Amino acid sequence: MKLIRSNVNSISKADIVLIGLPDESKSHAKRKGASRGPDYIRSASDEYEYFERDGKLIPISPMAGDLQSKKIFDFGNVDREDIYRLVFDVATASKIPIVLGGDHSITTLSLNAISDALGAKLSLLYFDAHPDFVTSTRDYYGSVLSDSIDYVDFSRSLLIGTRGAEPEELLNIQANNLKTISPLDILERGVRGISKQILSRCGQDSSLYISIDLDCIDPGIAPGVSVPTPGGITPLELIFLVKKACEQCNVVGLDIVELTPDFDLNNNTANIAARTLMESMASMKIRQERHGTTRTGPFDDDTRTGR
């Protein structure tokens, strides 16, 4: 399955490269099915973001930003053992990789690849009900930050939507100078205030990776997730904050993870994921806009079309 919005046929022609990773091998969740997330997000986008009239498909437009000038290539789904090399090559070629999961452990693979490609630690904007900063157990979806410590500058990163932290995670957050923003903080300070904090903390001069676990949203609205946790943020709050980060910061990668379709209701969660994906891409600054040029990379003459 390929996204209809995929409008070029190779990585070399793309600004944004979409990659599906249908893997939940590192999940400890009782709810299973996150490996089906990538194609359900694609299906939701293709079904609900177009009108059909007179035999033509007419795409809806984003609320802000621009998609018409964006060159998007959907590489298709890949195996877990292939994701590091693919994301590394995409980032080296100055394209923006967007990975659809799968469980949240895939974020460590992307952070590792992009950090290696750029030769620097990344700022991280981490939307999640949980900090994923467990150190007593490693290499699973609850130890993403612990496993990514070599690739992330925690002093320039933020956790947003956090409300389900274990005691050891709170200690690890404090020890590593990491900041969290709970749904109560958003309610009290508003999305504009949080957006300003994202800009001041993550900065325009650092390379920012955005990771979106759909359980950051309240499960009463988005029930199709692996670990539902009451008291979450709204879809519009998520979209606003992600779009502002994409507009203002140097975003070098993004992922959307933990869609669990069997527990969804009327495809609500899948539709929110698809809309978040569309709005994110619409607001992203492509490399030419950032630097006035595009570096050469390993795909300059390629004709790869995914699988």
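Visitor: What makes strand 6 and strand 9 a pair, and in which sense do they run?

Guide: Two strands pair if DSSP finds at least two bridges between them, and strand 6 and strand 9 (residues 207-213) are joined over five bridges in the parallel sense, so by that definition they count as a pair. Within strand 9, Ser 211 is the bridge partner of Tyr 126. Strands here are DSSP runs of E with at least two residues, and helices are runs of H or I with at least four, numbered from the N terminus. The model is predicted, with local features needing pLDDT of at least 70 and side-chain atom pairs counting only at pLDDT 80 or more, while totals for chains, interfaces and linings use all residues. Residues are numbered from 1 along each chain as its sequence is written, and side-chain values use heavy atoms, with hydrogens and water left out.

Visitor: How do you know that strand 6 also pairs with strand 7?

Guide: Strand 7 (residues 158-160) runs parallel to strand 6 and is joined to it by three bridges; in strand 7, Ile 160 is the bridge partner of Phe 127.

Visitor: Why are both faces of strand 6 called covered?

Guide: Buried means under 20% relative accessible area, exposed means over 50%, and partly exposed lies in between (1.4 Å probe, protein chains only). Ser 123, Leu 125 and Phe 127 on one side of strand 6 are buried, as are Leu 124 and Tyr 126 on the other.

Visitor: What makes Ser 143 count as buried, and where is it found?

Guide: Ser 143 is found in the loop between strand 6 and helix 4 (144-147), and its relative accessibility is 0%, so it counts as buried. The side chain of Ser 143 also makes a polar contact with the side chain of Asp 147 at 2.7 Å, where the term requires a pair of N or O atoms within 3.5 Å, one able to donate a hydrogen and the other to accept it within protein, and residues adjacent in sequence count only if both atoms are side-chain atoms.

Visitor: What is meant by the largest nonpolar core, and which element gives the most to it?

Guide: A nonpolar core is a set of buried Ala, Val, Leu, Ile, Met, Phe, Trp, Tyr and Cys residues joined through side-chain atoms within 4.5 Å. The largest has 48 residues, and those with the most contacts inside it include Ile 98, Leu 125 and Phe 127. Helix 8 gives the most to this core, with eight residues.

Visitor: Why is the pair of Phe 73 and Phe 75 called edge-to-face?

Guide: Rings of Phe, Tyr and Trp (its six-membered ring) pair if their centres lie within 6.5 Å, and planes under 30 degrees apart count as stacked, over 60 as edge-to-face and the rest as tilted. The ring centres of Phe 73 and Phe 75 are 6.2 Å apart and their planes stand at 85 degrees, so the pair is edge-to-face. Phe 73 is buried at 3% relative accessible area, and Phe 75 is buried at 6%.

Visitor: What makes the rings of Tyr 84 and Phe 88 a stacked pair?

Guide: Their centres are 6.0 Å apart and their planes are at 20 degrees, so the pair of Tyr 84 and Phe 88 is stacked. Being four residues apart in helix 2 (residues 80-92), Tyr 84 and Phe 88 are separated by about one helical turn. Tyr 84, with a relative accessible area of 28%, is partly exposed, whereas Phe 88, with 18%, is buried.
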